[in-house]
Amino acid sequence: MPTIITHAAVPLCLGLGLGSKTIPPRLLLAGVALAMLPDADVLAFKFGVAYGNIFGHRGFTHSLLFAFVVPILVTWLGRRWLNASLMRCWVFLTVTLLSHSLLDSITSGGKGVGWLWPWSDERFLAPWQVIKAAPFALSRYMTPYGHQVIISELLWVWLPGVVVMGVLWHWRRR
């Protein structure tokens, strides 16, 4: 998995590129929170839930169903607070939440992503796995492997995100 901070790259780059008139600050904040939300499943380890369990890491919180339903709930409950149309809120939040499991699927480690839950317990990895899997322990970021993780995230997530942000910003200014 990419680091939790890197999951925020997609909503940040899209939101800043599209501008605050299109993606108001509160909607951007909600997008960042939703992009990080699926990794709350690591708390299941504290309760003895195994990694490969559908309620474990990269299980149901990484599913397509979760990625489509949670933004509906957030949009409906926060429609006045988010300061944008219902459709804009739902689309932005869905894209940002979907980005989480997509990024996890292109990492070099783990058991895959439970995209098809509840219809299937199968886990999926993309055929192109370029992001180094982030360690769970913060101390491991000070090792050579931790440095490789950070570099791979900068190269494969942040750099393309900044390019997309720049293109959107330029397109918006025209």
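Phe68 sits in helix 4 of this predicted model. With a relative accessibility of 34%, Phe68 counts as partly exposed, because that value falls between the 20% and 50% cut-offs.

**Around Phe68**
- Leaving aside residues up to four places away in sequence, Phe68 touches Trp90, Thr94 and Leu98.
- Phe68 and Leu116 are 48 residues apart along the chain, and 12 Å separates their C-alpha atoms.

**The nonpolar cores**
- Here is a general idea to keep in mind: in soluble globular proteins, nonpolar side chains tend to be buried together.
- The largest nonpolar core in this model has 14 residues. Within this core, the residues with the most contacts are Leu27, Leu82, Phe92, Leu93 and Leu97.
- Which elements give two or more residues to this core? They are helix 3 (25-36), helix 4 (64-77) and helix 5 (86-105).
- A second, separate core has seven residues, including Ala9, Leu103, Ala126 and Val157.
- Take a look at Leu97: not counting residues up to four places away in sequence, Leu97 touches Leu34, Pro38, Phe66, Ala67, Val70 and Pro71.

**Helix 3 with helix 5**
- Two packed helices are described by the angle between their axes and the distance between the axes.
- For helix 3 and helix 5, the packing angle is about 30° and the axes are 8 Å apart. Angles under 35 degrees count as roughly parallel, so helix 3 is roughly parallel to helix 5.
- On the helix 3 side, the contact involves Leu27, Leu28, Ala30, Gly31, Leu34, Ala35 and Met36. They meet Arg88, Cys89, Phe92, Leu93, Thr96, Leu97 and His100 in helix 5.
- Sorted by class, the contact of helix 3 with helix 5 has 10 nonpolar, three polar and one charged residues.

**Helix 2 with helix 5**
- Helix 2 (residues 9-18) packs against helix 5 at an angle of about 140°, and their axes are 9 Å apart.
- The crossing of helix 2 and helix 5 is right-handed.
- Val10, Pro11, Leu14 and Gly15 of helix 2 make this contact with Phe92, Val95, Thr96, Ser99 and Leu103 of helix 5.
- By class, the residues in the contact of helix 2 with helix 5 are six nonpolar, three polar and no charged.

Methods: Residues are numbered from 1 along each chain as its sequence is written. This is a predicted model: local features need pLDDT of at least 70, side-chain atom pairs count only at pLDDT 80 or more; totals for chains, interfaces and linings use all residues. Side-chain values use heavy atoms; hydrogens and water are left out. A nonpolar core is a set of buried Ala, Val, Leu, Ile, Met, Phe, Trp, Tyr and Cys residues joined through side-chain atoms within 4.5 Å. Buried means under 20% relative accessible area, exposed over 50%, partly exposed in between (1.4 Å probe, protein chains only). Helices (H or I, at least four residues) and strands (E, at least two) are DSSP runs, numbered from the N terminus. Contact means heavy atoms within 4.5 Å. Axes are lines fitted to C-alpha atoms, for helices over the stretch in contact, and angles run from 0 to 180 degrees between N-to-C directions. Angles under 35 degrees count as roughly parallel, over 145 as roughly antiparallel, 65 to 115 as roughly perpendicular and the rest as oblique. Ala, Val, Leu, Ile, Met, Phe, Trp, Tyr, Cys and Pro count as nonpolar, Asp, Glu, Lys and Arg as charged, and the others, Gly among them, as polar. A crossing is left-handed if the near helix is turned anticlockwise from the far one by less than a right angle, and right-handed if clockwise.
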